[in-house]
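Here is a short report on one protein model. Please look over the sequence and the fold before reading on.

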Amino acid sequence: MSTPYPFTAIVGQDDLRLALLLNAVSPQVGGVLVRGEKGTAKSTAVRALSALIPQVDIVAGCRFSCDPGSPDPACPDGPHEAGGAATRPARMVELPVGASEDRLVGALDIERALAEGVKAFEPGLLADAHRGILYVDEVNLLHDHLVDLLLDAAAMGASYVEREGVSVRHAARFLLVGTMNPEEGELRPQLLDRFGLTVEVTASREPDQRVEVVRRRLAYDDDPAGFADRWAGDENALRARIVAARALLPEVLLGDGALRQIAATCAAFEVDGMRADIVMARTATALAAWAGRTEVIAEDVRQAALLALPHRRRRNPFDAPGLDEDKLDDTLQEFGDQDDDPDPGPDGPGGGGGGQPPQGGPDAPPQGEEPARPQEADGGEPQSAGGGEQQAVRAAEPFRTKALSVPGIGEGAAGRRSRARTEHGRTTGARRPRGALTKLHLAATVQAAAPHQRARGRSGRGLVVRRDDLRQANREGREGNLVLFVVDASGSMAARQRMSAVKGAVLSLLLDAYQRRDKVGLVTFRGKDAEVALPPTSSVDAAAARLELLPTGGRTPLAAGLLKAHHVLRVERMRDPSRRALLVVVTDGRATGGVDPVALASRSARLHAAEGTAAIVVDCESGPVRLGLAVELARDLGGTAVTLDELRADAIAGLVKDVRTAAGSARRAA
């Protein structure tokens with residue numbers, strides 16, 4: 001077994017370490033969601049924490065790690081007799097992104113259940129993680145239904161598996177840690193709310209701290225055991241502190257004053273629901289226990305708010321997580337009486353309101369400097385005018401669109417837009433299983449087995465079922481699509497009101513894509529060429545950020561934009577052939593530069609039409625004299641055009657729906 005990197009040897013990342021330690025003290029806090037860039041010790045910290053959690057006593061031979069002092073009466077391996085206890089380290093279980101539902105919650109042997117009436121259950125990862133840590137890397141890339149199952153189990157402390165009337169329940173209490181890179185897509189607000197705490201992690205911008213990170217990592221890689229031995233004293237001290245905080249936790253008093261501050265803070269930041277209040281209360285209590293105190297003070301409430309509220313304030317995917325600390329301090333001061341606070345306790349292991357996790361040990365870097373703040377994405381300020389370029393304008397207010405869908409039945413990734421054959425949804429038929437049976441069609445299975453009962457010697461009430469009788473349920477649900485925006489950013493689009501309206505329309509479709517779990521991409525063209533401003537991604541907020549900073553000016557290489565889009569879609573079809581695409585071209589139809597640019601744009605458009613890509617052209621032409629070039633472009637694309645004046649919710653959404661339907665009809669006719 002490899003030697004884990006010591007938790008106390010991690011440099012910086014104070015918020016991450018504190019959030020993990022608070023959950024180790026009180027798993028009821030609800031887990032940690034870690035947001036940030038790669039290479040910032042996220043997984044290292046989680047694995048290191050597992051070595052600090054005290055060993056657990058289990059019933060010998062129990063696959064569900066029952067506590068011998070109070071075994072689960074509903075344990076599938078029960079009932080358990082007295083004695084036969086064993087001890088093992090707390091587990092850290094990793095949930096891979098591509099895991100199936102059966103791998104997560106466990107699998108039932110339906111054949112034995114039907115034929116013998118036996119609940120033959122194979123435990124999943126939730127059972128393995130009971131009384132330990134469940135680590136989900138890239139939790140934002142998990143299918144929504146798996147995240148729902150995961151968070152339901154974490155909230156209830158139990159996992160339920162039901163298949164065609166056969167039900168199994170087992171305990172599943174664990175410390176949940178999820179990590180994600182926001183650039184790869186956001187979690188839905190409903191799922192974000194289910195995580196107790198959230199922390200943002202970035203690599204330090206301080207050279208001395210970065211040097212210390214590299215020095216310690218190289219020393220660990222050269223001699224893991226020797227490096228761990230040098231930190232053993234700090235590890236043992238931290239492990240003892242966790243045990244002491246757990247023992248003190250039931251004695252911590254959460255007074256009315258602290259509760260009032262918690263409620264006032266959640267109300268001031270307009271947090272939905274009551275989960276935030278409950279999580280803040282549990283976090284503040286854990287902070288007090290961690291600091292060695294028996295009463296919650298105002299600083300505990302403040303630290304709890306910084307960990308529990310930022311991810312609960314988002315109203316849409318374009319809102320940046322965060323908390324106004326000045327507003328937080330004003331609220332705490334207004335609703336708190338600092339004179340009533342107890343003595344915060346001594347400095348050191350029990351000192352400070354909430355206190356930071358220990359950062360010391362051999363070769364520790366200098367402490368006291370504030371960690372560097374994350375740099376703003378994409379450089380912050382929009383580009384200024386220069387070389388014919390005009391400053392970016394803000395998007396108009398977005399609006400709600402109608403439900404859009406691609407015609408026919410696809411087989412793409414799970415989503416909420418178009419009809420598709422999926423593992424979840426309504427049952428539409430049955431077939432023989434190809435590979436492992438995942439969803440049993442009970443009626444079809446019984447119908448297949450019934451004619452053979454006499455030949456199989458059936459004598460009792462049970463049905464004699466063979467594997468050949470089993471039928472897989474065909475299910476129809478929804479899939480996500482790829483929406484690729486091709487936006488004209490040339491000088492002809494530079495009218496501020498026009499570009500603002502165009503950005504508002506694109507922003508509205510991005511919001512719809514977020515809600516429908518689509519992938520989005522952004523191609524822009526101006527000057528002499530086109531560029532992929534954002535490759536296809538699930539992060540619509542990244543697309544919105546690129547759109548907001550988009551400047552205008554220069555010539556109109558329309559053909560280059562269409563060809564770039566054709567290349568992007570061709571690559572995406574090779575990567576994910578089951579995901580269907582919609583092309584949205586935002587232009588006035590003009591094309592300049594080169595020899596016969598309009599004809600070149602027409603030929604480029606027909607490449608998309610030949611491959612059956614559903615398309616819509618947003619006609620941004622204005623003025624009393626209209627050339628109708630966007631309408632001709634839409635005709636070449638095999639799609640439909642809509643004028644800028646028609647860019648309202650009902651018009652644009654309905655048109656996209658019509659375009660998709662028309663594209664599907666054209667493919668069926670072909």
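## Basis of the model

This is a predicted model, in which local features need pLDDT of at least 70, side-chain atom pairs count only at pLDDT 80 or more, and totals for chains, interfaces and linings use all residues. Residues are numbered from 1 along each chain as its sequence is written, and side-chain values use heavy atoms, with hydrogens and water left out.

## Two enclosed helices

Helices (H or I, at least four residues) and strands (E, at least two) are DSSP runs, numbered from the N terminus. The expected span of a helix is 1.5 Å times one less than its number of residues. Buried means under 20% relative accessible area, exposed means over 50%, and partly exposed lies in between (1.4 Å probe, protein chains only).

Helix 1 covers residues 14-25, 12 residues in total. Its first and last C-alpha atoms are 16 Å apart, close to the expected 16 Å. Among the buried residues are Leu16, Leu18, Leu20, Leu21 and Leu22. Arg17 and Asn23 of helix 1 are buried too.

Helix 12 (residues 275-290) has 16 residues. It reaches 22 Å from first C-alpha to last, close to the 22 Å expected. Here 13 of the 16 residues are buried, so helix 12 is also largely enclosed by the rest of the structure. Just after helix 12, Gly292 takes a positive phi of about 80 degrees.

Most residues other than glycine have a negative phi. Ser65 is not a glycine, yet its phi is positive, at about 55 degrees. Ser65 sits in the loop between strand 2 (56-59) and strand 3 (85-88). It is buried, with a relative accessible area of 2%.

Arg131 is not a glycine either, and has a positive phi of about 70 degrees. Its loop runs between helix 5 (125-128) and strand 7 (133-136). Arg131 is partly exposed, with a relative accessible area of 21%.

## Salt bridges

A salt bridge is a side-chain nitrogen of Lys or Arg within 4 Å of a carboxyl oxygen of Asp or Glu. The whole structure holds 19 salt bridges. In one of them, Arg47 pairs with Glu94, with the closest N and O atoms 2.8 Å apart. Arg47 lies in helix 2 (residues 42-50) and Glu94 in strand 4 (residues 92-94), so the pair ties together parts that are 47 residues apart in sequence. Arg47 is partly exposed at 34% relative accessibility. Glu94 is partly exposed at 38%.

Glu572 and Lys519 meet in a salt bridge at 3.3 Å, N to O. This pair links distant parts of the chain, 53 residues apart: Glu572 is in helix 18 (residues 558-575) and Lys519 in strand 16 (residues 519-526). Glu572 is buried, with a relative accessible area of 7%. Lys519 is buried as well, at 16%.

Asp576 and Arg579 form a salt bridge at 3.4 Å, N to O. Asp576 counts as partly exposed at 22% relative accessibility, whereas Arg579 counts as buried at 15%. Elsewhere, salt bridges that share partners join Glu212, Arg215 and Arg216 into one network.

## Surface patches

Patches are made of residues with over 30% relative accessible area and no salt bridge; like charges are joined within 9 Å, and nonpolar side chains (Val, Leu, Ile, Met, Phe, Trp, Tyr) within 5 Å. Accessible areas come from the Shrake-Rupley method with a 1.4 Å probe, and for residues only the protein chains shown count as cover.

Val213, Val214 and Leu218 make a nonpolar surface patch of about 250 Å². Leu218 belongs to helix 8 (residues 207-222). Asp324, Asp326, Asp330 and Glu334 gather in a patch of negative charge on the surface. Asp330 is found in helix 14 (residues 325-335). Lys and Arg count as positive and Asp and Glu as negative, while His and the chain ends are not counted. A charge is placed at NZ of Lys, CZ of Arg, CG of Asp or CD of Glu.

Pro189 and His311 are 122 residues apart along the chain, and their C-alpha atoms are separated by 8.0 Å. Pro189 is in helix 7 (residues 189-192). It counts as partly exposed, at 31% relative accessibility.
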